Amino acid sequence: MTTSSKSLTQLTAWKSLEAHFEVAKTLHLRELFAKDPARGERLKAEEVGLYFDYSKHLVTDETIELLLKLAVESGLKGHIDAMFRGDKINKTEGRAVLHVALRAPKTQSIIVDGKDVVPPVHQVLEKMAGFAARVRSGEWKGHTGKRIRNIVNIGIGGSDLGPVMAYEALRHYSDRDLTFRFVSNVDGIDISEATRDLNAEETLFIISSKTFKTLETMTNAGSARDWALRTLKDPAAVAKHFVAVSTNAELVSKFGIDTENMFVFWDWVGGRYSMDSAIGLSTMIAIGPENYYEMLDGFHQMDEHYRTTPFERNLPVLMGLLGVWYTNFFNAQTAAVLPYEQYLKRFPAYLQQLTMESNGKSVTLKGEPVDYQTGPIYWGEPGTNGQHSFYQLIHQGTKLIPCDFIAFVEPLTEIGRHHDLLIANVLAQAEALAFGKTPEEVRLEGTPEWLVPHRTFKGDRPSTTILADKLTPATLGKLVALYEHSVYTQGVIWGIDSFDQWGVELGKALAERIIPELESDDRALTHDSSTNALIRRYKQKKA
């Protein structure tokens with residue numbers, strides 16, 4: 001792996017982009033399309049079943065050429081190869097980053113510390129498939145002999161966001177005789193609401209925590225065990241109603257879970273990249289092993305596309321570079337992900353962790369402060385809901401917000417004209433954002449002069465449209481991997497570690513310190529005056 005010794009802002013391509021931006025910022029998409037009638041056909045890539053239209057971006061051929069040169073100068077190809085090779089690219093933690101191994105076929109070999117990691121991955125997958133089949137068929141019985149009808153996944157962060165997003169996204173393919181709930185918040189309301197209408201005799205809990213020490217997860221797990229035993233009485237019942245996704249066999253056993261029902265994963269799997277590891281057990285139970293393997297194949301197809309395809313046709317590379325263009329040159333602070341598919345309603349929330357926990361960094365891999373922007377804020381809602389909420393700001397506000405529109409040709413449920421109306425809206429929004437409406441066009445509609453400024457749309461609001469045939473398990477895998485690799489592309493350009501998350505540690509450590517101070521009256525408070533006052537206020541009101 002070769003990395004430039006120069007800082008990002010000293011690279012030749014970066015300096016060329018700075019000069020080019022002075023021209024590019026004066027362009028209008030109306031002019032670009034008028035001068036190049038075939039632009040919409042040229043600036044697109046169709047790969048692995050996804051149609052990727054980036055013609056409505058504020059770019060010219062020169063922009064794309066310079067961004068591709070930036071990727072080359074940053075050593076992106078070498079970094080991609082290093083990840084797939086199993087090198088320890090998570091520098092601050094000294095770990096390999098191998099979520100790609102979670103969906104590698106049996107025939108592939110990836111060596112980490114002298115061992116091929118692919119066979120253990122498939123052993124866990126086969127164990128998951130066997131367990132999922134037993135639960136789905138009713139062969140797995142609870143302590144009183146009743147079949148399991150409710151599955152509650154307890155985790156947080158990547159142990160929750162991935163499973164809940166995948167369940168919602170693939171609900172069409174799920175076993176509707178089973179009820180699925182997801183608990184993550186340490187707020188007691190979350191576990192209370194998830195269990196209040198369930199029968200403990202028919203409920204299975206999946207406790208997902210790599211260390212089996214995560215405060216929120218283990219607090220909820222303990223409450224779930226107490227809830228179950230109020231009905232089941234016998235502590236031995238825990239083994240029939242709880243399974244673990246973890247690496248800590250000792251604590252799993254101490255909790256009361258049979259370690260035969262512990263599904264492992266590895267330290268080269270980051271939490272936000274783990275939805276296709278054993279963390280996806282609830283997903284496999286919901287949609288069945290066959291559909292789960294189809295999802296893995298979708299992931300793998302995008303992995304291979306990213307690894308082997310020239311950058312000019314490489315979807316994650318193009319997506320990542322466009323993000324750099326807006327973040328670092330247009331000073332865009334956020335990016336919107338707008339799926340026109342109700343089943344993808346949790347996809348933007350899932351991407352928030354994937355993108356912002358990965359690239360929310362302010363120092364380089366060398367430990368030096370960055371002198372440029374990294375990690376934009378990701379957010380979004382499904383269309384058409386967002387159109388009646390925040391699109392006003394995107395269209396006519398003062399902020400530039402690049403948008404990703406995601407849509408599907410074929411609906412999973414055909415009801416009258418609904419899908420044609422949905423697709424008409426996504427196409428119309430992308431068109432309106434790009435081209436807007438001029439004052440002259442507004443006047444031609446007979447608008448009074450005083451109202452013209454209010455009804456004028458500047459346009460020039462950039463967007464990508466991603467169009468797929470149908471939301472299948474494989475398509476979901478492709479979409480998630482697209483964003484995973486886009487994030488890594490940006491991390492390489494910015495010279496940061498996209499795979500650590502030290503920023504979440506300090507708050508967790510301080511919470512551990514504050515807990516006994518809230519629960520005891522004889523603890524001296526040594527925080528700042530604000531925190532001390534809030535602790536005292538809480539304790540006074542609680543008392």
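Begin by selecting α7 (158-169), α9 (215-232), α15 (347-359) and α21 (505-519), each of which supplies at least two residues of the lining of the largest pocket. Helices here are DSSP runs of H or I with at least four residues, and strands are runs of E with at least two, numbered from the N terminus. The model is a predicted one, in which local features need pLDDT of at least 70 and side-chain atom pairs count only at pLDDT 80 or more, while totals for chains, interfaces and linings use all residues. Residues are numbered from 1 along each chain as its sequence is written, and side-chain values use heavy atoms, with hydrogens and water left out.

Keep α21 highlighted: the largest share of the lining, 5 residues, comes from this helix. Next, centre the view on Thr 214, Gly 271, Gln 501, Glu 505 and Lys 508, which lie nearest the centre of the pocket among its 40 lining residues. The space in this pocket is about 1000 Å³. A pocket is an open set of points on a 1 Å grid over the protein atoms alone where a 1.4 Å probe fits, with protein on both sides within 12 Å along at least five of seven lines; lining residues have an atom within 4 Å of a point. Colouring the lining by residue class gives 13 nonpolar, 15 polar and 12 charged residues. Ala, Val, Leu, Ile, Met, Phe, Trp, Tyr, Cys and Pro count as nonpolar, Asp, Glu, Lys and Arg as charged, and the others, Gly among them, as polar.

Turn now to the backbone. Most residues other than glycine have a negative phi, and most peptide bonds are trans. Select Phe 212, in the loop between β7 (203-208) and α9; its phi is positive, about 60°. Phe 212 is buried (under 20% relative accessible area), at 4%. At Lys 233, in the loop between α9 and α10 (238-241), phi is also positive, about 70°. Lys 233 is exposed (over 50%), with a relative accessible area of 62%.

Then select Gly 383 and Thr 384, which are joined by a cis peptide bond with omega about 10°. Thr 384 belongs to the loop between β11 (377-379) and α16 (391-396).

Finally, display helix α5 (residues 76-85) with helix α20 (residues 473-494): their axes come within 10 Å and cross at roughly 125°.

Terms used
Grid points are joined across faces, edges and corners, and a volume is the space filled by probe spheres set on the points. Buried means under 20% relative accessible area, exposed over 50%, partly exposed in between (1.4 Å probe, protein chains only). Axes are lines fitted to C-alpha atoms, for helices over the stretch in contact, and angles run from 0 to 180 degrees between N-to-C directions.
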